[in-house]
Amino acid sequence: MGMAICKFIKQRCLGPNDSIIVLPVVVCLLMLLSFSSPSHAKGKKGGVGSSHILSTSLMLLASSTQQGGSGPEGSSILSQTEYMYVWNSWVGTGLFYQVDKQGSTQTDNTAGPKLEFYMGRFFIELGYALLAQRSFTDRTIAEQTGSGSLIGFGFRFRLSRSWIFQAAYKYRTITIEKQDGAKIDEAIVQTDGYPLFGIGMAF
């Protein structure tokens, strides 16, 4: 069921043109629905039994391309830090901030609100990046900006009274509309799929 929902949202809401309009509307409507839900206090909150979740997750990728014993080497580090307020046993709202450092020449930053829907220890997340920024050090272009969207499916469980472990696979779309402050004729669409593993605190 969860994967079917992910597939539907990805196909209908995360297109290069539709995501800018559709996803923020969906997020706002679902947030209003969560605030007015009569099941506000029923069940185990967010699968971990706490109202607040503060966590950081990481992905590290090292790469090397060589021909005749020489070639470029580098690494990509992607981190996501987030705060969630868990309203009840099935929904939470919060904020996320991602830093995607691609070698020493490019850094992507995305940030915005997000929703999580819980099914026991499993969750589906939807996010809308109000800030999407790409910075370069090896080009004549210094900065590109736009907006983006995020969808993910993962699980979370307690390690101790306060600490939790979480893992998720996420699909991110960034739509770049400006370059060094000037609007570009045709938007640049960047899509990424990646796993993240992390720890956090539930309180």
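Author: A cavity here is a set of points, on a 1 Å grid over the protein atoms alone, where a 1.4 Å probe fits but cannot get out. Grid points are joined across faces, edges and corners, and a volume is the space filled by probe spheres set on the points. This is a predicted model: local features need pLDDT of at least 70, side-chain atom pairs count only at pLDDT 80 or more, and totals for chains, interfaces and linings use all residues. Residues are numbered from 1 along each chain as its sequence is written, and side-chain values use heavy atoms, with hydrogens and water left out.

Reader: How many cavities of 30 Å³ or more are there?

Author: One. The largest cavity has a volume of about 50 Å³.

Reader: Which residues line the largest cavity?

Author: Lining residues have an atom within 4 Å of a point. They are Ser57, Gln80, Glu82, Phe123, Gln166, Ala167, Ala168, Lys170 and Leu196. Strand 2 (73–86) and strand 7 (163–179) are the elements that give two or more residues to this lining.

Reader: Which strand gives the most to the lining?

Author: Strand 7, with four residues.

Reader: New topic. How many helices and strands are in the protein chain?

Author: Two helices and eight strands. Helices are DSSP runs of H or I with at least four residues, strands runs of E with at least two, numbered from the N terminus. The order from the N terminus is α-α-β-β-β-β-β-β-β-β.

Reader: And what share of the protein chain is buried?

Author: Buried residues are 42% of the 203. Buried means under 20% relative accessible area (1.4 Å probe, protein chains only).

Note on methods: Buried means under 20% relative accessible area, exposed over 50%, partly exposed in between (1.4 Å probe, protein chains only). On a 1 Å grid over the protein atoms alone, a cavity is a set of points where a 1.4 Å probe fits but cannot get out, and a pocket is an open set with protein on both sides within 12 Å along at least five of seven lines; lining residues have an atom within 4 Å of a point.
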